[in-house]
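Dear colleague,

Please find below the structure that I am handing over to you. The findings follow directly after it.

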Amino acid sequence: MKFTYKHTVYACFTGYIAQAIINNFAPLLFLTFQSQYGITLDKIALLTGLNFGVQLLIDLLSAKFADKIGYRPCVIGAHVFSAAGLILLTILPELLPNAYAGLCIAVVVYALGGGLLEVLVSPIMEACPGDEKAKAMSLLHSFYCWGHVAVVLLSSLFFAVFGISNWKIMALLWAVVPILNGIFFSRVPIGSLLEEGEEGYSIRQLASMGAFWIFMLLMACAGACEQAVSQWASAYAESGLKVSKTVGDLAGPLLFAVTMGSARLFYGKFGEKIDLKKFMWMSGLLCLCSYLIIGLSTLPILGFLGCALCGLSVGILWPGTFSLGTKGITRGGTAMFALFALAGDVGCSSGPTFVGMMAERFGGQLNLGILTGIVFPVLLLVGLNLERKIS
């Protein structure tokens, strides 16, 4: 069978599903880890920080080594680390004297894979032949959302049928996805972002460009706008809207993921008829409105509507910034994608942290904490205005 760039696109789609598995499977097991291994919740909460902290480090290092090593060995390695981390998650806690150390090692291993996937899949997709790059990028990033939905729904279904005690089987089943996709990536063609003989900008050259810092601001705001609500959606639904945990889990994060994925799918299908910059501007305004609805509403239906609108509004922000960046800085190369991912991850980390800190100041009122997060869509709109002036 002859593999074409069409197969490369499919491999990229599955790569983002693999990253969704990495980021969203273990959190479903946090309470199970607490009861099974006797680990306190504060230590378990650090696992999320460890995961994204390692991914941040990989974002930074990839700007240096990814081009030198090459896309193919790096992306295959990403899938190897992803699968190995999921498998180690089922082995190391019992194998090592300290179960928590085993969990940490497993998280570090699959975080190496998740970080590489985040840096590499987008430029590999961008390097595929085709004219509608922005559409393709939006469609690509929608697969992270569908992967998130699949992880929560299929894992929950498995646990309901076979019991949470069999979570290790589910972890091994999810590990099959990166294993098979890693093999797939070893066969498909992989292009280059740059013309033959052309060199991409160095980090120092990128840092000297005003446009680069505007795109970095947009990436950070995109990540913060998204995760400031996504990470707190379940807790907000449960504590602020007074619904059950099951309803909160399903109607909060899943509703957010579905609407975010729908926005990316919509642009991926009809993008040629839509001005990307106008679409991002309108999305920024809608995001601002969603924060106001979440922060000021007391009725559950309005709170859920706010979460849905937020997911819908942030869908285009991350992939849209990638597309604007590649058009605005044509020789950015892998270094630019890696630094954009770094800025996005900084936003993903700082957004929910800021909301949590402000909620604590308001006596634990998450709705008011999220309301203060309105600063992120405001900064996003400022960044979009600046980008318009330089383009």
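Accessible areas come from the Shrake-Rupley method with a 1.4 Å probe. On that basis, the accessible surface of the protein comes to about 16,500 Å², and 68% of this surface belongs to carbon and sulfur atoms. Please keep in mind that the model is predicted.

Overall form

The protein contains 17 helices and zero strands. Its radius of gyration is 20 Å, close to the 21 Å that the globule rule gives for 391 residues, so the protein is as compact as a globular protein of that length. Taken along the principal axes, the box filled by the C-alpha atoms is roughly 55 × 50 × 35 Å.

Of the 391 residues, 53% count as buried. Contacts between residues at least 6 apart in sequence were also examined, and 82% of them join residues at least 24 apart. As for charge, there are 23 positive and 20 negative side chains, and the centres of these two sets lie 3 Å apart.

Cysteines

How many disulfides does a search of the whole structure find? The search finds zero. A disulfide is a covalent bond between the sulfur atoms of two cysteines. For a pair to be counted here, the two sulfur atoms must lie within 2.5 Å. C287 is in no disulfide, and the nearest cysteine sulfur, that of C225, is 4.0 Å away. C287 counts as buried, at 0% relative accessibility. C74 is likewise in no disulfide, with the nearest cysteine sulfur, that of C12, 14 Å away. C74 is also buried, and its relative accessible area is 6%.

Q19 is found in helix α1, which covers residues 5-24. Is Q19 buried or exposed? At 4% relative accessibility, Q19 counts as buried, because the cut-off for that term is under 20%. Not counting residues up to four places away in sequence, Q19 touches Q55, G114, L117, E118 and Y144. Q19 and F184 are 165 residues apart in sequence, and their C-alpha atoms are 16 Å apart in space.

D67 belongs to helix α3, made up of residues 41-69. Which residues is D67 in contact with, leaving aside its neighbours within four places in sequence? They are T334 and A335. D67 and A335 are 268 residues apart in sequence, while the distance from C-alpha to C-alpha is 8.2 Å.

A colleague

Notes: Residues are numbered from 1 along each chain as its sequence is written. This is a predicted model: local features need pLDDT of at least 70, side-chain atom pairs count only at pLDDT 80 or more; totals for chains, interfaces and linings use all residues. Side-chain values use heavy atoms; hydrogens and water are left out. Helices (H or I, at least four residues) and strands (E, at least two) are DSSP runs, numbered from the N terminus. The radius of gyration is taken over C-alpha atoms; the globule rule is 2.2 Å times the number of residues to the power 0.38. Buried means under 20% relative accessible area, exposed over 50%, partly exposed in between (1.4 Å probe, protein chains only). Contact means heavy atoms within 4.5 Å. Lys and Arg count as positive and Asp and Glu as negative; His and the chain ends are not counted. The place of a charge is taken as NZ of Lys, CZ of Arg, CG of Asp or CD of Glu.
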